[in-house]
Amino acid sequence: MKIVDYKKVEILRKEHVVLKDVNLEIESGEFTYIIGRVGSGKSSLLKSMYAEIPIEMGEAHVLDYDLMNIKRKMIPMLRREIGIVFQDFQLLTDRSVYDNLLFVLKATGWKNKTDMDDRIEEVLKEVGMLTKSYKMPHELSGGEQQRIVIARALLNKPKLILADEPTGNLDPATGEQIVRYLHDIAQEGTAVIMATHNLSFVEQFPGRVLRCDDKHLIAPQLD
Ligand SMILES: Nc1ncnc2c1ncn2[C@@H]1O[C@H](COP(=O)(O)OP(=O)(O)OP(=O)(O)O)[C@@H](O)[C@H]1O
C-alpha cells in the first residue's frame with residue numbers, strides 16, 4: 001500500500017519556497033532517512049505530511065487523505081493515523097508515563113479501561129520501558145523519554161511514523177537504540193520516515209536515503 005504519494009509538490013513557509021518539485025512514493029514497511037543541511041526543509045517536509053504546513057501545489061496523498069483538499073476537521077483524523085515523534089510533541093511534564101499514554105488513548109476515542117491498560121502495557125513492552133509506567137517524565141533520562149515518545153506514537157498502531165531528529169539530544173549509544181526501535185517497527189510493516197543530520201546509522205540500519213538539497217528532494221550518491 002502507498003503510504004505517501006507526492007507528485008510535483010511545492011512546500012512554502014511564509015511565501016518562501018522551501019522545497020519544490022517533490023516526487024515521493026513511500027510504501028508500507030519502508031525505512032527512509034531524510035538528510036540535508038540545517039534549514040534545508042527536512043522538518044517542513046515531514047510537517048507537510050501531517051498537514052501542519054499546507055501544500056499549495058502538486059498532488060499529495062498521505063494514507064487515504066488528499067492533502068491538497070483536506071478539510072480542517074479531517075486533520076485530527078489524519079494525525080491519529082500517524083505516529084509523530086517531534087520536538088514539538090514532548091511528554092506532558094505534569095503527569096506520569098502511564099497518564100501521558102492514557103491521555104492520548106482517551107483523546108483518540110478509546111473508552112474501555114482494560115483495553116487501554118493492555119495497549120499501554122504492550123507499547124511500553126515494545127520499547128523496553130514497562131517498569132517505568134509510574135515515573136514522571138523528569139525522572140527519566142533523555143533516551144528513556146524518547147522511548148516513551150515512541151511508545152506514545154505506537155499507541156494507535158500507525159501505518160506511518162514521522163520522526164524529526166529523534167536522536168538529536170542523545171548520546172551515540174542511546175541514539176542507536178532509538179534508531180533500532182524505529183527500524184524494528186518498520187520491519188513489522190509501518191513506514192518510518194526519519195529526518196536526521198546523522199547518517200552514521202545507515203550501514204547498521206539500512207534504509208532509503210533522500211536529501212533536501214537546494215530546494216529539491218534528491219536521492220544522493222552515497223560513498
Ligand atoms: N515557522 C516558520 N515560519 C517561517 N519560516 C520557517 C518556519 N520554520 C522554518 N522556516 C524556514 O523554512 C526553511 C526550512 O526549515 P526546516 O525547519 O524545514 O529545515 P530543516 O532542514 O528541518 O532544518 P533543521 O535541520 O535545522 O531542523 C528554513 O529556511 C526556515 O528558515
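**Helices, then the sheet**

Mentor: The axes of helix 3 (residues 97-107) and helix 4 (residues 113-126) come within 10 Å and cross at roughly 120 degrees. Axes are lines fitted to C-alpha atoms, for helices over the stretch in contact, and angles run from 0 to 180 degrees between N-to-C directions. Helices (H or I, at least four residues) and strands (E, at least two) are DSSP runs, numbered from the N terminus. This is a predicted model: local features need pLDDT of at least 70, side-chain atom pairs count only at pLDDT 80 or more, and totals for chains, interfaces and linings use all residues. Residues are numbered from 1 along each chain as its sequence is written.

Trainee: Which residues of helix 3 and helix 4 make the contact?

Mentor: From helix 3, Tyr-98, Leu-101, Leu-102 and Leu-105; from helix 4, Met-116, Arg-119, Ile-120 and Val-123. Two residues are in contact if their C-beta atoms, placed from the backbone, lie within 7 Å.

Trainee: New topic. What is the strand order in the open sheet of six strands?

Mentor: The order is 6-7-8-3-9-10, with mixed pairing. Two strands pair if DSSP finds at least two bridges between them.

Trainee: Which strands stand at the edges?

Mentor: Strand 6 (82-85) and strand 10 (216-218) do; each has a single partner strand, so one side of each is left without a neighbour in the sheet. On average, neighbouring strands of this sheet are turned by 20 degrees against each other, direction ignored.

Trainee: And how many bridges join strand 3 and strand 9?

Mentor: Five, with strand 3 (residues 31-36) and strand 9 (residues 208-213) paired in the parallel sense. Leu-210 in strand 9 is the bridge partner of Ile-34.
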